[in-house]
Amino acid sequence: MVKFPLKAAAGTPGLRQAGLLAAASLFGLACSGLASSSVSAANPVGVLQATPASLQGVVDTIPLASHRAVYDLSLLKAVGTKSPTGARGRIAFDFSGSACDGYVQNFRQLTELQPAEGPTRISDMHSATFEDGGGKSFSFKMETIVDDEPSDQVDGRAERLKRGAVGVDLVKPKPEQLAFGHDVLFPTEHIKYILAAAKAGENTLEVRVYDGSDTGEKIYDTTTFIGHPIDAPAPEAAAQIPMLEHMRRWPVTISYFDDGRKDEAPNYTLSFDLYENGISRALRLDYGDFVLAGEMKSLKLLPTPPCTK
């Protein structure tokens, strides 16, 4: 479950949490009922659209695999004169925990971009998060270093308050208290809802997500499209392990929009294959002018304590 793109720093891309996720982060919800054929730009005729209420029972039963994964980044596509002429990098992702103990995620992305003009830019982003197993709280620390100079730091904690509303206490970049509506999900919740929708045979999921990225003040509207399940083994050697050999995975595409601006182009789009235990492969990070590909180079499964919750 990869944590997916954080805000690009000084013209260089970062990754936000997968749903991994992915990974999940790789999420946000409310609504009720199930719209099977509503018509909109994000939900064409005949597309089954899931809602949080329709998936809640499934979400509570989804186990996520503790694992450590490494992905190599490369430039897949570049369009226009302002896009980079070359790119490479690496993502190191460590995820562990359970619904009983909560989920710990450590993430690092190092990206080297060669602009059309000027010197190579190097961005190094670290994040560490903890999310309560029931989605009641979410703590986060993130730092981005660009060309050896500290650029952005975010530190804070979000908590679900009475009636499901979300309150945020920020320490960095400045002390601040924020409040959001009850229809907001945290990153691991988002991945679980995507998996629940996939297992239910749904094609789309539209939710609002808070992951602490940017300056810690933003909510993202997200639209997720889920393809038909894939049973064939993955081609890369890292994914050819017994646990994944016969496990279903789904091609997933998540578009991230500024809150309330889904009629505009997304800030970025993330595509990946999502296994039903939350592990992700075949990353595609689309920033509009250019696209990065992430190939899984190593995967190690970690022990997960039993959870009787």
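How many helices and strands make up the secondary structure of the protein? In this predicted model, where residues are numbered from 1 along each chain as its sequence is written, local features need pLDDT of at least 70 and side-chain atom pairs count only at pLDDT 80 or more, while totals for chains, interfaces and linings use all residues. Side-chain values use heavy atoms, and hydrogens and water are left out. The secondary structure comes to three helices and 16 strands, where helices (H or I, at least four residues) and strands (E, at least two) are DSSP runs numbered from the N terminus. Of the 309 residues in the protein, 51% are buried, a term that stands for under 20% relative accessible area, with exposed meaning over 50% and partly exposed in between (1.4 Å probe, protein chains only). The protein exposes about 13500 Å², of which carbon and sulfur atoms supply 53%; such areas come from the Shrake-Rupley method with a 1.4 Å probe.

Several features of the backbone deserve mention. Most residues other than glycine have a negative phi, and most peptide bonds are trans. The peptide bond from lysine 172 to proline 173 is cis, with omega near 10°, and proline 173 is found in the loop between strand 8 (166-172) and strand 9 (176-180). Aspartate 147 has a positive phi, near 50°; this residue is placed in the loop between strand 6 (137-146) and strand 7 (149-160) and, at 31% relative accessibility, counts as partly exposed. Alanine 282, with phi near 55°, lies in strand 15 (residues 280-286).

The aromatic side chains were examined next. Rings of Phe, Tyr and Trp (its six-membered ring) pair if their centres lie within 6.5 Å, and planes under 30 degrees apart count as stacked, over 60 as edge-to-face and the rest as tilted. By this rule the count comes to 12 aromatic pairs. One of them, formed by phenylalanine 140 and tyrosine 210, is edge-to-face, with 5.9 Å centre to centre and 70° between the planes. Because phenylalanine 140 lies in strand 6 and tyrosine 210 in the loop between strand 11 (204-209) and strand 12 (220-226), the pair ties together parts that are 70 residues apart in sequence. Phenylalanine 140 is buried at a relative accessible area of 2%, and tyrosine 210 is buried at 0%. The rings of tyrosine 287 and phenylalanine 290 have centres 5.3 Å apart and planes at 25°, so that pair is stacked; both residues are buried.

Phe138, Phe140, Phe180, Phe186 and Tyr210 form one aromatic cluster. Arginine 160 lies over the face of phenylalanine 186, at 4.9 Å from the ring centre, where a charge sits over a ring if NZ of Lys or CZ of Arg is within 6 Å of the ring centre and within 35 degrees of the ring normal.
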